[in-house]
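Visitor: I would like to learn how to read strands and sheets. Please show me the model first.

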Amino acid sequence: MAPPPAMPVADAMRPALPDGDSQANRDLLRVMEKPSLGYFGLLGITLLAMHVAGALWALMVYLGLGVAGYTHPIFWGAYIVTFVFWVGIAHAGTLISAILFLFRAKWRNAINRGAEAMTVFAVLTAAQFLGIHVGRMWKSYFILPYPNQRGLWVNFKSPLMWDTFAISTYATISIVFFYIGLVPDLAIARDRATGWRKVLYTALALGWQGTSRQWKSHSRSVLHLSGLATPLVLSVHSVVSWDFAMSIVPGWHATIFAPYFVAGAIFSGFAMVLTVMIPVRRIYGLERYITDYHFENMARFILLTSLIVGYAYAIEYFVAWYSAVEPEQTSFWLRAFGPYWISTWTMIICNAVIPQLLWFKKIRTHIPSLFVISTFVNIGMWFERYVIIISGLSREYDPAVWGVYTPTWVELAIVAGSFGFFATLFLIFLKLFPVIAISEIKELEIHAKAHGAGAGS
Amino acid sequence: MSELDRRDFLKLVGVGAGSAAAAGCSDHVEKLIPYVVQPEEITPGNAVFYASTCAECPASCGLHVRTREGRPVKLEGNPDHPINRGRLCARGQSGIGRTYHPDRLQRPQKRGASGELEDTTWEEAIALVAAEIAKAPQKTQVLGGQTGPTRGQLIDDFVGAVGAGGRTVYEPFAQEALREAARAVFGIETVPHFDLSGADLVLDFGSDFLESGPSPTEHAGQLADARAVDTHDDGGARVIAVSPRLSMTVSNADEWLSARAGTEGILALALARVAIENGAGDDSHRALLGGLLADFDAASAAKKTDVPAESIERVGRALAKAKSAVALPPGVALSSRRAIDTTGAVLVLNHVIGAVGSRVQVPPASAGAQPSYRETLALIQAMDAGNVSVLLLHDANPAYSIPGTAGFRDALEKVGLVVAFASLPDETTALADVVIPTHSALESWDDAQPRPGVRSIAQPTLRPLYDTRSFGDALLDIGRAVSPAASGALPTGSWRNVLEAAWADTDWTAALARGGVFTDAPAGEPTALSADVARLEVVEPKFTGSGSHTLIAFPHGFLYDGRGANLPWLQEIPDNVTKVAWASWAEISPATAESLGVEHGDVIGVETSAGRLELTAVVRGGLRDDVVAVPQGQGHTVGWWASRADEGAPGEARGVNVLDALPAGVDERGGRAWLTEKAALSNTGRSRRIPTQQTHDNQRGRQIAESISLVALAEAAHGDGHGDGHGGGHGDGHGEAHEIREPFDPADDAHADSEYRWGLGVDLDRCTGCSACVAACYVENNVPVVGETESLRVRQMAWLRIERYIGDGEPELRAGRERMGPNTESVGDTDVRHAVMMCQQCGSAPCESVCPVIATYHSEDGLNGMIYNRCIGTRYCANNCPYKVRRFNYFDNQITKWPEPMRLGLNPDVTVRGQGVMEKCTYCVQRIAEARQVAKNENRSIRDGEVVTACQQACPTQAITFGNLRDPESAVSKQAENKRGYHALHVLNTRPGTTYLAQVDRGEVEG
Amino acid sequence: MPSLLGVFEAPEPVADAATRLKNRGFSEMEIYSPAAFEVLDDVLDEKPSRVRIYTLIGGLLGVVTGYTLTIWMANDWPIMIGGKPFSSIPIYTVIAFELTILFGGLATLIGLLVVGKLPYGSFGKTDEAYSARFSGEEFGLVVECSDRDVAEVDALLRSHDAKEVSLVGA
């Protein structure tokens, strides 16, 4: 019998693109196309903030930490506050990717890529503050357990040492997670890119072709990583909280710190995702993929964690009163009515009061108000750490050395710079990698096409 | 390879390796140059001690100068010396700074054509001065401070030889009023000195005898022994202080009578009267009742002095009852225009209570030129009239310490040639035409005779750093250059020969080794009251100025008459009462503050008849409502630390000189008076922060500085002998008894095999809060001085600080009061707790477990060690230290804050810490190491008392003990077992190695 | 031997076709899919993925390392710290935990690369049969077959509504 008409391999191999490439591909790859002027403007601002901070930091290393506002007895200041803040931000990504993955919450697909990226960038930002904060950063490698001729090892009893391990583990794992999720999308980009991008994506895509074997091991890996990342994400902020809880400072030495901080971290993380993704969706017209439904779910999470955090605030005061330990009581009394009352009430209002608006569906689904609320939450969470750290230290056991700390402009500039650093990385990410996991979206769409169910439900 | 033999080869290798190693070790290679001919007494690495005499104040304490490789590094007390008995106050400790001072005058200077001081040669300078003197010898005058007998004699010889017009002795804080009063009361012109040893009741009329009095270290020691509870079951000597202001001295009193300023004499006589009525004194005294004491009944005295009549009655009866009471006359702060009568009244009281001859020694009439303010003023007039062509100035800074209204500066203009002998520049040398640079005290020979029977030598302890000469030699050189005749009339040889000649009657070497010749004071013959007593006019003094508040210009505890202002430590260490450093301030009572509408830190105007000052207000309760108190000693315009030069503002005054608001201030007999002004206070509406190192003095019942009542102590004594379960009674009497010792043995907290667990004991009942230990710690451990700006940020580096608490704070706590200023004192209440706070060397140290890099750890002998090289500066340890004794180097303080040649004085046994490193007290571990080496060489273990920490060594009252807690016989072990023993913040169970002994609350004196 | 490439629009037909072909004895097959679909996972190999072995070993390695590292270092030079025992197991558990996660995660990554045969192919070169459409929304099934089986396979693919069937590498 006659063989079928042989089709030239060339045609099969490289049509520039088969007409009617998938909608998702076109929409989402468009985000990566030539940046607008506004984009460059924004990038310029963030880069400026970042470099100003860098210069000031160099100056500080040269002159000494004295340029910051430290005073006896407040030995930790805005740097540690900001460190904890960013570690907190870093929790949304892994939570969304890992935990929601395990719970099979499909709505995560729209936001997990962005969230994972934020996680990576936030961890990198946070990690820098450990170096910025120490008095002799040029000796900070001492904190690593490396063999040396002095035969000295490190002190694994110190919460700071746990910190070092937790943060570096978290950074590594979230980068791995981020990258593995990225590979199939990189292949998509590779097949459609030209020039240097083609080279880049080809290299990063590892020759991914979406064969069934690749997909099988890919989904297994994601599953296992989620299994590992879930306890990790809970442990990291617990460890960070132990930096304080393990000390004897009144206002720090509390058993609820671990859950309290984890909740706070998720709280701030989700808020940050909203603060960032709302504009992104608006600017790049991704309403088809990131729907109000997604944002509403995030809002629900924020409401929940806000309640947990608010409860923690309340219980802290209750325990202080109930413990009948005078230094503890004094510390908390002065937290609310002492020199730091402004910070304290800012924290309470932003974190425990304002989010209560999210009880109303109208507000949960009204994007502008979501944006405003999430911004308040970010501010509030920075102040939460400020209040815990500073007010705790300023009123310790020996009243003769009670003091008051106020950050200097140098510290504030470096803190601002950290936001610049974070934003810079995210802006570059927007133009380099798909901001939404395309293949996962496709999975839903093809599924929908085959079975006629609505996407994303 | 024949030319390179093995030796050369090895040499080359050695050199190569050596240089490589050197290059590897540090950024800049410094060569160590060994002695070519090694001085026999010097072994590199071993300290050599020389006996000498402290020149910081007229008390003339004995010194042991610790030198290393030919450089003094620390001043310690001379145990053989009868004045300070091995102790040394903060001012004495800091004296070492004068030798290594960046301001040191390095060569002679003369005023050039430009009007500026220019360097010149010795020959030229001497020729110039001699020529001027030769022109008109009789118009030559010498003006200077109090000197040792030999130097005084030399000056007199000089005056005689060159035929100079005369010599005037000017000593700002000379006890002229006391001398005059002694003449009035005993008919002898002499300066009585007071001996508190064995006293059972001390009545202090504002002498500030623990701070700026005639001999603070001596008196502090005597008082501490007189009231040691461990040897006196009844609590020992009681101290009743009469003062309008709660000074550090008053804070150590058991009772405080806040009499109206200037009425001390009236109170003294009233007390004398009550005492006599209750059987004190003899007939001669009863005779006074009708005369001198006639109208000093308690009631009227109470009205005048504002002291309740019943208090006067009670104290008077107590005086009559007391076996060995003594009354101390007013000091500088309370020298009114009636100072002599007031002091006379106090002497009369002493006579009545039988203190004269025992506690009050009246030596025979003092010989030689005596300080006289009246003569000084006369000299100024002579200068003004142009009758002085050459003025030789030495050992004094009149341009600063004489009030401007006396016109010294203007008069100086009219003097042909002003010659200043000095080792450091000051306001006076700045006005001189010729500056003769003299050796510092540590570079020159000298002697002193603080009182009959005590002759003290000062010997040079290092080769002069610069082209300077000792005052004696310089004076001799000038004298000899004046004329052959003069040269012939002057003693031959060098100043040292002159001094040796003066000591010819003694075994020179022995005296040198011992630091002097100390014999028992010749017993003053029983002195009767002179007839002139009746002529004492004890009335309220006159005040000038229209204001409502009496201005009290009290001597700063460290700056004294201002001579301490140029020493970094004395500026850095916070004032013992207000905890303010590097500044002047005005103390006002809360009521005054309210009426002015000012708060702590606001700037107020203080206007008197003589001038107007603007000062930051320190609002505190320990002050009468009708006074404003301002410290003396600040406001210098010359000097690296005295002015604000170290802050980059040379010539700018640091603080204000309160003398600018005081008139020439002469009392009715020509003595000097400070308490003369009624000041008008005003609110400037501005506020200026001053470096305050402690803003809360309410310890909120946290058991940091404990107090225990005599009753509770007695109960404890009958307890189970381990001090458990006894109550820490509180001064304010509210205290429900509570456990102040937790059951643990600090001796446990060292390595099992270790023979030692070092421990320290602080007896808060002996501690007066004088800060001598703080200064000693600074010098011994190379602790950086951070300066005014950093002190404003509360970043001082003191390893050891003195915390000042008022009561145990529980009443304020219950009242829910949260005061932000150091003002919880209240007039009449003396429950002030001075707590020495340094690293407690905890057995379970919170700081150790949180350090990620093991930069702090527990040493085998129980110390909480610091490894500076390992520290990366996370500062977690400091956060976790409940005692807050860890200090962080925010800047490279040693480089930026320590100008050359101060570094020559650093202690080579202690590392200098760099930027970004945490540091703290380690019980002077370098001294432990030194002792351990000696013990090891002698193949024995360290003896108890062999290691003496710097703070312990300095403490005038021996409040600090140090030793091995694992030796049950050691002093510190016994102290740890003491009934009063407790551990600060013991509820935290940090298992400290430092044991505190609670302060004893002796309550009011019963009449 | 030639290969036939069938292009599909949905995962299920691909799965069916592949199963049928396998039953007919065609072993050399490859499936291209734009996204992960469980139906496709076990078509070509039923065995569960070996990635989990890597994860397990990595995790175990981590926990062991965690404890040995900390305990050994604390005792290698025993320094008294805060009056605590040198080997404080509860404290060191934190480190052990973190290392478990770290090693496990990295091992999983390695597992993915090894099991999924990544990086695949030489730089920038892909299978002959692969094309950008498979990173679009179409599925591909490549079957290697002898010339005489071509017609049969072609028919079978089309019977599972393949959009188009073409000959690769003829």
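Visitor: In what order do the 3 strands of the open sheet in chain B lie?

Guide: Two strands pair if DSSP finds at least two bridges between them. Strands are DSSP runs (E, at least two residues), numbered from the N terminus. Here the order is β1-β2-β3 in chain B, with antiparallel pairing. This is a predicted model: local features need pLDDT of at least 70, side-chain atom pairs count only at pLDDT 80 or more, and totals for chains, interfaces and linings use all residues. Residues are numbered from 1 along each chain as its sequence is written, and chains are lettered from A in the order in which they are written.

Visitor: Which strands of chain B stand at the edges?

Guide: β1 (47-53) and β3 (71-77) of chain B do; each has a single partner strand, so one side of each lacks a neighbour in the sheet. On average, neighbouring strands are turned by 30° against each other, direction ignored. The axes are lines fitted to C-alpha atoms, and angles run from 0 to 180 degrees between N-to-C directions.

Visitor: How many bridges pair β1(B) with β2(B)?

Guide: 7, in the antiparallel sense; β2(B) covers residues 62-68. F49(B) has R66(B) as its bridge partner in β2(B).

Visitor: What joins β21(B) to β23(B)?

Guide: 4 bridges; β21(B), residues 585-588, runs parallel to β23(B). I588(B) stands opposite V619(B).

Visitor: How many residues lie between β22(B) and β23(B) in their hairpin?

Guide: 4. β22(B), residues 602-607, pairs antiparallel with β23(B) over 5 bridges. There, G605(B) has E614(B) as its bridge partner.

Technical notes:
Heavy atoms only, no water.
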